[in-house]
Amino acid sequence: MDTVKGPFVYDALPPESIKFVPLNQTKQYTAPEIMTLYEGDSHLRHYLPIIRDKPVYPLIYDKNKVVLSLPPIINGNHTKITLSTRNVFIDITATDLTKAKIVLDTLVTMFSCYCKQPFSVEPVEVVNPDGSIELYP
């Protein structure tokens, strides 16, 4: 949260229009280039087929169109956690809402013990596609 500004948007765009610097990289890539970049990666290559041949790819970006993530492939280097990071935005994407909530609750709990005020978290308002609003966690 130290380097990005809400609101955050979960969207789907044509792969050629997506450009950002992936985590631990120094150069900007398009989404198709990212697919090629990670074909040989022992961890990430298994996730590529989930979106590779789709007409649009999911992505999360902030108010200023800074890309936070190309789920489920890779996060952006812009939001990399460093020793000076003080505020963390945790995003969970999944096809099963119950499992996503369990993962979110687990990660939030694990991170929250390091908060300035231990175990304090800020909820996020999520606007669903049908317009309904939920707070997480």
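Me: Which residue in β4 does A12 stand opposite?

Reply: A12 stands opposite P58 in β4. The model is a predicted one: local features need pLDDT of at least 70, side-chain atom pairs count only at pLDDT 80 or more, and totals for chains, interfaces and linings use all residues. Residues are numbered from 1 along each chain as its sequence is written, and side-chain values use heavy atoms, with hydrogens and water left out.

Me: How many bridges join β1 to β4, and what is the order of the strands in the open sheet?

Reply: Strands (E, at least two residues) and helices (H or I, at least four) are DSSP runs, numbered from the N terminus; two strands pair if DSSP finds at least two bridges between them. Here β1 and β4 run antiparallel and are joined by five bridges. They belong to an open sheet of four strands with antiparallel pairing, in the order β1-β4-β5-β6. Its edge strands, β1 (9-13) and β6 (74-75), each pair on one side only.

Me: Which residues have the most contacts inside the largest nonpolar core?

Reply: In soluble globular proteins, nonpolar side chains tend to be buried together. A nonpolar core is a set of buried Ala, Val, Leu, Ile, Met, Phe, Trp, Tyr and Cys residues joined through side-chain atoms within 4.5 Å. The largest core has 17 residues, and I34, L70 and I73 have the most contacts inside it. Two or more residues come from each of α1 (31-37), α2 (48-51), β4 (57-61) and β5 (67-70). Beyond neighbours within four places in sequence, I34 is in contact (heavy atoms within 4.5 Å) with F20, P22, Y29, L70, I73 and I74.

Me: Is T30 buried or exposed?

Reply: Buried means under 20% relative accessible area, exposed over 50%, and partly exposed in between (1.4 Å probe, protein chains only). T30 counts as buried because its relative accessibility is 18%. T30 lies in strand β3 (residues 29-30) and touches E16, I18 and K19, residues up to four places away in sequence not being counted.

Me: How many disulfides does the structure hold?

Reply: A disulfide is a pair of cysteine sulfur atoms within 2.5 Å, and the structure holds zero. C113 is in no disulfide, the nearest cysteine sulfur being that of C115, 8.0 Å away. C113 is partly exposed, with a relative accessible area of 34%; C115 also counts as partly exposed, at 28% relative accessibility.
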